[in-house]
Amino acid sequence: MDLYLGPVHVAASRLRTSISTARLAVGIVALLAAGFSVGASVVAVEAKAPAANNPTVRVEGPLASISSTPLVLTPAFDPWISDFVLRCQAGINIVQFTLSASSDRRLNVAGNNAHTITLQVSLLENQALILDSHGSNVPGGAHYWIRCLPHDFPQLTVNRPGNPPAGWYLTGNLNTAFGAGTYAMVLDKYGIPVWYRKTAKPGALDVTPLSGDRIAWMAFSAAFGSDPIGAFEVFDLDTHATQWLAAPIPPTDPHELVELANGNLLLLSSPLRRNIDMSVFGNGIQTIVDCVIQEVNPAGALIWQWRASDHISVSEATRTPVAVVRGELVYDLLHCNSIDSDPISGNLLLSARHTDAVYLIDRTTGEVEWKIGGRGVNPDGAVSLQVVGDPEGTFHAQHDARFQPGRGISLYDDQSWDSGLAARGVEYRIDPIARTATLVWAYESPDGRNSAATGSFRRLDGGADNIIGWGLKPNALFTEVDAFGNVMLDVRFSGSQAAYRVVKVPTASFNHDLLRNSAGLLPTIPLV
């Protein structure tokens, strides 16, 4: 199946709360009573406007098909699919919906009984027409939500050759193209946006699921982690309240936010560290962008910290890019971009793009136990694991390193430094005794091209479900494949648009109705 959807100063150690602004639009339903073909019943129905101001129409009988004009219903109607979208324009969108019953059966809408019933509905951007269907083949009936996507919602192209496991896909676009805005979003297994929110500042990075029906993300800044008042937005789907979460040791870095089993959170910051000896690169004494892992409690107070420059040497850098941060020339030698926590030991897995390496950090001692990739001697005396059985030799410029069962480590291999190598999702089996990291699974980008930056790889269901977020690659978003590399779902942005990461979670992670009812709210302006 192919479908097309067209066109911060924050207190460093605590959360601040602001309430989101009102819903963008209030619904109007106008159902006309003339001018349709013989056999069609045109019904005037008074809209039932729930709290979300979405018009509701009750449909009795075996609903078999829904079509729309001039806006196209996406995906094509299937009684077992519950969420659909229309690509709307700014202002009022007048849409004609044709509802048909199965076989020789009839439908009943507001006392009008016919095989085919036509509704004409006026919708504003972000509204949804809700069809409350009873008497269909779906046990208990069904609520079909037909969302009027805003005119600047990013263009998505969806190909679904397989049947991926149910779940929610969290992502967002980093940049704009063809007049699109930037949105944090949640897609369903059909690639349909069930929830989305426009960002107050450009870009939606690291769209992250949190417990209690909350979603977090962070806006983009000119250089990662250089915004002294940057903070994660934490949005509550139920209360519509937004909290702002900043690293106690600023500036907050948007690359990572991880919720631990005890409710605490891990995040990164990128403070500057001066008087660093870079003579190994012939640069003398310089200032670098450091990397600090911080654990905070739910109130945002600092619980634990770890500073990368105390445990990773300058000589381990494989790239020495220069940036200007608040008027100062600095070297970005580390560029930490992911953290993961071992649920058993509590030890941490850290990815650093500019050392081409992944590090295992002992949570108790703070020392690096081993590293995969990169070069140079680690000051903690960490064991350097040799990559084995990898046709690309090793990974480079990686993102999203995660623990896997059975001593596995997965990551997204950008291969940014070599245009002749393909970006890919990979898993290595770790043997610290033999000092090896053996490639056990990989899925390469079908176009054979690398990724300039960003990206993700999530390996679920014991390797049966694999989601590769392609990062900064043209005309790409994510591909989902099974254990054998068979594509189940492929979703693409248009043109130069790209995402930082794509995360898939079980459907139980979010209340479906809360996602629907809080979709399309205006951005929250931070209270500083």
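User: Before we look at anything, what is a salt bridge?

Analyst: A salt bridge is a side-chain nitrogen of Lys or Arg within 4 Å of a carboxyl oxygen of Asp or Glu. Side chains of opposite charge can pair when their charged atoms come close. Keep in mind that this is a predicted model. Here the side chains of arginine 273 and aspartate 310 meet in such a bridge, at 2.9 Å from N to O. The pair links distant parts of the chain, 37 residues apart: arginine 273 sits in strand E23 (residues 272–277), and aspartate 310 in the loop between strand E26 (302–307) and E27.

User: Arginine 273 and aspartate 310: are they buried or exposed, or in between?

Analyst: Go by the relative accessible area: under 20% is buried, over 50% is exposed, and in between is partly exposed. Arginine 273 has 28%, so it counts as partly exposed. Aspartate 310 is partly exposed too, because its value is 44%.

User: How many salt bridges does the count come to?

Analyst: By that rule, 28. Another one to find is between aspartate 132 and arginine 58, with 3.7 Å from N to O. This pair also joins distant parts of the chain, with aspartate 132 in strand E11 (residues 128–134) and arginine 58 in strand E4 (residues 56–60), 74 residues apart. Aspartate 132 counts as buried because its relative accessibility is 14%. Arginine 58, at 44%, counts as partly exposed.

User: What about aspartate 390 and arginine 424?

Analyst: Their side chains meet in a salt bridge as well, at 2.8 Å from N to O. Aspartate 390 lies in the loop between strand E33 (383–388) and strand E34 (399–404), and arginine 424 in strand E36 (residues 424–431), so the pair ties together parts that are 34 residues apart in sequence. Both aspartate 390 and arginine 424 are buried. Salt bridges can also share partners: that is how Asp206, Glu256, Asp340, Asp400, Arg402, Arg458 and Arg501 are joined into one network.

User: You keep naming strands. How many helices and strands does the chain have?

Analyst: One helix and 42 strands. As for cover, buried residues make up 60% of the 528 residues in the chain. The chain exposes about 19,800 Å², and carbon and sulfur atoms supply 53% of that area.

User: Which strands does E30 pair with?

Analyst: On one hand there is E29 (residues 336–341), joined to E30 in the antiparallel sense by five bridges. In that pairing, serine 341 has leucine 348 as its bridge partner. On the other hand there is E31 (residues 357–361), also antiparallel to E30 and with five bridges. There, leucine 349 stands opposite leucine 360.

User: And what should I look for in the hairpins?

Analyst: Look at the backbone angles in the turns. The hairpin of E29 and E30 has six residues between the strands, and glycine 346 takes a positive phi near 85 degrees. In the hairpin of E30 and E31, with four residues between the strands, aspartate 356 has a positive phi near 55 degrees.

User: How do I read one buried residue, such as asparagine 466?

Analyst: Ask where the residue is, how covered it is, and what it touches. Asparagine 466 is found in strand E39 (residues 465–469). Its relative accessibility is 0%, so it counts as buried. The side chain of asparagine 466 reaches the backbone oxygen of glycine 463 at 2.9 Å. Leaving out residues up to four places away in sequence, asparagine 466 touches several others, including Trp441, Phe457 and Asp482.

User: Last one: which residues form a nonpolar patch on the surface?

Analyst: Val322, Val324 and Leu329 do, with about 280 Å² of accessible area together. Valine 322 lies in strand E27 (residues 322–325). That residue counts as partly exposed because its relative accessibility is 45%.

Key: Residues are numbered from 1 along each chain as its sequence is written. This is a predicted model: local features need pLDDT of at least 70, side-chain atom pairs count only at pLDDT 80 or more; totals for chains, interfaces and linings use all residues. Side-chain values use heavy atoms; hydrogens and water are left out. Patches are made of residues with over 30% relative accessible area and no salt bridge: like charges are joined within 9 Å, nonpolar side chains (Val, Leu, Ile, Met, Phe, Trp, Tyr) within 5 Å. Accessible areas come from the Shrake-Rupley method with a 1.4 Å probe; for residues, only the protein chains shown count as cover. Helices (H or I, at least four residues) and strands (E, at least two) are DSSP runs, numbered from the N terminus. Buried means under 20% relative accessible area, exposed over 50%, partly exposed in between (1.4 Å probe, protein chains only). Two strands pair if DSSP finds at least two bridges between them. A polar contact is a pair of N or O atoms within 3.5 Å; within protein, one must be able to donate a hydrogen and the other to accept it, and residues adjacent in sequence count only if both atoms are side-chain atoms. Contact means heavy atoms within 4.5 Å.
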